[in-house]
Structures are given as structure tokens and as C-alpha cells.
Amino acid sequence: MTDVPHEDEYGEALLEMLQIIWGEGFLSPGGADAINRILEGCDLRGLKVLDIGSGLGGVDCLLADKYGAKVTGIDIEEDIVSRSKAYIEQRGLADQIEVRLVTPGALPFEDNHFDVVFGKDAWLYVEDKEGFFKEIFRVLKPGGRVICGDWLGGYEVRGKDFDYFLELEGISYHLVTIEENADILRNAGFSDIWTKSIWEEYREEAKTEYHLMQTELYQVMTEKLGPKERDHFIENWRMLCVVLDQGHLRPALARAQKPV
């Protein structure tokens with residue numbers, strides 16, 4: 001992977017807003033319920049799991065506490081890593097979870113080290129996906145698995161609506177289609193590749209979130225964020241619903257295995 005400069009994109013208001021919607025410690029759609037759906041049927045007891053893009057610690061606490069994994073979480077934003085460590089300590093799970101601040105580029109781990117590499121809606125920020133998945137392949141043990149959920153793109157030509165959505169988001173998106181994602185996994189050396197679109201489900205969830213932001217969560221958002229940020233995020237979610245309906249964002253799940 002090519003090293004690239006990084007500028008923090010998750011400000012205080014965004015971190016607060018995402019937790020209002022998805023729960024303390026979670027920065028991606030569905031919170032704990034979504035993680036449970038991704039891991040349905042998976043046994044992680046005693047396994048060494050690398051969580052790439054580990055966020056505020058909610059995912060790692062779930063992986064350790066409910067699924068019995070020995071977790072290493074990595075992220076590229078210093079404030080997020082600091083908050084994550086405090087949250088994990090508060091939950092009493094520091095003996096099962098290590099969190100590291102890393103820089104974009106090659107993963108700072110030896111070959112054949114982890115049993116599972118996990119990701120939840122964090123890999124859309126990676127531009128060099130081919131190099132990224134080759135690194136994941138490298139650090140996995142033979143027989144190890146990659147298990148993830150991520151934002152993928154559609155087939156439609158993106159226009160002004162998508163540009164406006166990105167302006168509201170203030171976050172870099174590097175999207176591939178579900179077929180391109182499977183091809184990248186295959187080219188990196190993975191086998192037993194499984195993918196599943198959850199586009200239709202999240203289209204409806206996003207509309208529910210948008211409604212809640214205008215009703216039950218409106219006062220909470222006003223108190224915690226102030227009127228200006230509240231209105232910004234309500235407009236952000238309106239446009240999220242628009243680009244989901246247009247098919248420009250298509251969330252999906254994926255699993256694959258490194259051959260033995």
C-alpha cells in the first residue's frame with residue numbers, strides 16, 4: 001500500500017451525532033445489532049482478531065465481551081484512539097483489547113499473525129484497495145478469514161446530489177461495486193468469497209433514522225449539538241436517503257478465507 005498524508009475528518013460534532021444515532025462507542029450504522037448480523041454463525045472464541053478502523057471502541061468491546069475474541073484495534077485518528085482506550089478501560093476489557101494508532105500504509109504486523117481481520121464501514125476510506133487487501137491477506141494465518149461490512153458504490157453515474165452529499169459529509173469516499181470488491185479479494189489471493197448486499201435494508205433504516213432526528217432525537221440533538229449542527233445533520237441524513245434511493249451508496253457484507 002502507498003503511504004498517503006492523513007487529515008482527521010471526524011470532528012467533535014460528528015462523533016457525538018453518530019453515537020446519538022447508533023449508541024455509545026459506535027460510529028457506523030446499526031451499532032451493536034449490525035455487528036451481530038455481520039458475525040452471525042461465527043465463532044471467535046480465543047481467536048486473534050484485527051479490527052481495522054476500530055473507532056471509539058464499541059465494536060471491539062462487543063468482539064471481546066460477547067464473542068470471546070482477543071482483539072487488536074487500529075485507527076488513524078489520534079483523538080479517536082484516545083477515546084477508544086478510555087472507553088475500553090471503563091468497560092473493564094483492557095486485558096482483552098489492545099488499540100493502536102497507526103498511519104495509512106502497510107499494516108504494522110508480522111506475516112500470518114491473525115485468525116480474523118474484521119471491518120465495519122471503515123474501508124470505504126481506503127483508496128488503494130488492492131494493496132489494502134493484499135496486506136490483510138499477508139497478516140492473516142493460513143485458513144484465516146476476513147469478515148466485514150462496508151459502504152460500496154452503485155452502477156449509476158453520480159451527479160450533483162452525490163456531490164452535495166459528500167460536501168455535507170466532509171469525509172473522503174472511495175467506492176467500488178460489490179462485484180469489484182469480490183474481484184479485489186480474489187486477486188489478493190482469497191478464496192470462498194461470499195458477498196451480500198444490504199442496500200435495501202439500510203435504505204429503510206436510514207429513512208427511520210431521518211424521521212427520528214426530526215422527532216424523538218430532535219431535542220437531544222439540540223442540547224448536545226446546538227441548532228446549527230442539528231440542522232446540518234438533519235440535512236445530511238436527508239441527502240443520505242436521496243443517494244441511497246438513487247443507488248449511489250450500496251452497503252454490503254463480505255467474507256473470504258486465506259487458503260490453508
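User: Which element gives the most to the lining of the largest cavity?

Analyst: This is a predicted model, in which local features need pLDDT of at least 70 and side-chain atom pairs count only at pLDDT 80 or more, while totals for chains, interfaces and linings use all residues. Residues are numbered from 1 along each chain as its sequence is written, and side-chain values use heavy atoms, without hydrogens and water. A cavity is a set of points on a 1 Å grid over the protein atoms alone where a 1.4 Å probe fits but cannot get out, and lining residues have an atom within 4 Å of a point. With three residues, the element that gives the most to this lining is α5 (helices are DSSP runs of H or I with at least four residues, strands runs of E with at least two, numbered from the N terminus).

User: How many residues lining the largest cavity are nonpolar?

Analyst: The lining consists of W123, V126, K129, F132, F133, C148, D150 and N181. Ala, Val, Leu, Ile, Met, Phe, Trp, Tyr, Cys and Pro count as nonpolar, Asp, Glu, Lys and Arg as charged, and the others, Gly among them, as polar. One residue of the lining is polar and two are charged, while the nonpolar ones number five.

User: Which element gives the most to the lining of the second largest cavity?

Analyst: The residues that line the second largest cavity include C148, D150, I178, N181, A252, L253 and A254. At least two lining residues come from each of β5, α7 (178-188) and β7 (252-257). The element that gives the most, with three residues, is β7.

Terms used. On a 1 Å grid over the protein atoms alone, a cavity is a set of points where a 1.4 Å probe fits but cannot get out, and a pocket is an open set with protein on both sides within 12 Å along at least five of seven lines; lining residues have an atom within 4 Å of a point.
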